[in-house]
Amino acid sequence: MTQAINRKATPSQGLRGYKEFIFIGNCDYQSPSPSRKSLSSLTNTQTLDTSAMGNLLTITQLQTSKQITDQLNSLDLKPGVTVQLTSKTNNGSVVVSHNNRLIGIGATIAQKVIVTSAQ
């Protein structure tokens with residue numbers, strides 16, 4: 001499921017133009033998460049949901065279904081791209097900043113996005 005919300009800023013908000021927020025989540029998708037043990041053996045590699053907020057991260061692998069991978073690719077979230085983790089919830093959902101927009105990613109999908117530190 002992908003949803004886009006465009007909201008025109010009002011002068012009191014101090015924002016110019018439109019602010020875009022997109023959320024990708026899929027409650028029905030239940031494939032195994034990557035093994036945390038196998039990730040820890042790789043230097044500086046982790047899943048998006050376990051990364052520290054504020055960090056610049058490079059996506060190295062998408063272990064998602066073809067449908068979700070296609071949705072992420074359409075938002076330019078693919079291996080080699082750097083994003084900044086701007087927010088995350090206790091359940092593992094995250095918000096990343098990329099291309100002047102905020103993209104929310106549900107916990108199930110965030111657990112399958114493999115990243116390394118870009119710093």
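This is a predicted model: local features need pLDDT of at least 70, side-chain atom pairs count only at pLDDT 80 or more; totals for chains, interfaces and linings use all residues.
How many bridges join strand 4 to strand 8, and in which direction do the two strands run?

Strand 4 covers residues 56-62, and five bridges join it to strand 8, with the two strands antiparallel. If you want a pair to find on the screen, Gln61 stands opposite Ile114 in strand 8. Strand 8 also pairs with strand 3, residues 45-47, through three bridges, and these two run antiparallel as well. Here the pair to look for is Gln46 and its bridge partner Val115.

Is strand 8 largely enclosed or largely open? Strand 8 spans residues 113-117, and four of its five residues are buried, so it is largely enclosed by the rest of the structure.

As a general point, nonpolar side chains in soluble globular proteins tend to be buried together. In this model the largest nonpolar core has 21 residues, and those with the most contacts inside it are Leu48, Leu72, Leu77, Ile105 and Val113. Several elements give two or more residues to this core, among them strand 2 (18-24), helix 2 (66-74), helix 3 (107-110) and strand 8. Strand 4 supplies the largest share, three residues.

Take Leu48 from that list. Leaving aside residues up to four places away in sequence, Leu48 touches Leu57, Leu85, Val94, Val96, Ile105, Ala110, Val113 and Val115.

Now for empty space. Rolling a probe the size of a water molecule over the atoms shows where such space is left. The structure holds one cavity of 30 Å³ or more, and the space in the largest cavity is about 40 Å³. What lines it? Leu48, Ile59, Leu62, Leu72, Leu77, Val83, Val96, Ile105 and Val113. That lining is made up of nine nonpolar residues, with no polar and no charged ones.

Last, two backbone details. Most residues other than glycine have a negative phi. Asp76 is not a glycine, yet it has a positive phi of about 65°. Asp76 sits in the loop between helix 2 and strand 5, and it counts as partly exposed because its relative accessibility is 25%. Asn99 also has a positive phi, near 55°. Its place is in the loop between strand 6 and strand 7. Why does Asn99 count as partly exposed? Because its relative accessibility is 48%, and the exposed class starts over 50%.

Note on methods. Residues are numbered from 1 along each chain as its sequence is written. Side-chain values use heavy atoms; hydrogens and water are left out. On a 1 Å grid over the protein atoms alone, a cavity is a set of points where a 1.4 Å probe fits but cannot get out, and a pocket is an open set with protein on both sides within 12 Å along at least five of seven lines; lining residues have an atom within 4 Å of a point. Grid points are joined across faces, edges and corners, and a volume is the space filled by probe spheres set on the points. Ala, Val, Leu, Ile, Met, Phe, Trp, Tyr, Cys and Pro count as nonpolar, Asp, Glu, Lys and Arg as charged, and the others, Gly among them, as polar. Buried means under 20% relative accessible area, exposed over 50%, partly exposed in between (1.4 Å probe, protein chains only). Two strands pair if DSSP finds at least two bridges between them. A nonpolar core is a set of buried Ala, Val, Leu, Ile, Met, Phe, Trp, Tyr and Cys residues joined through side-chain atoms within 4.5 Å. Contact means heavy atoms within 4.5 Å.
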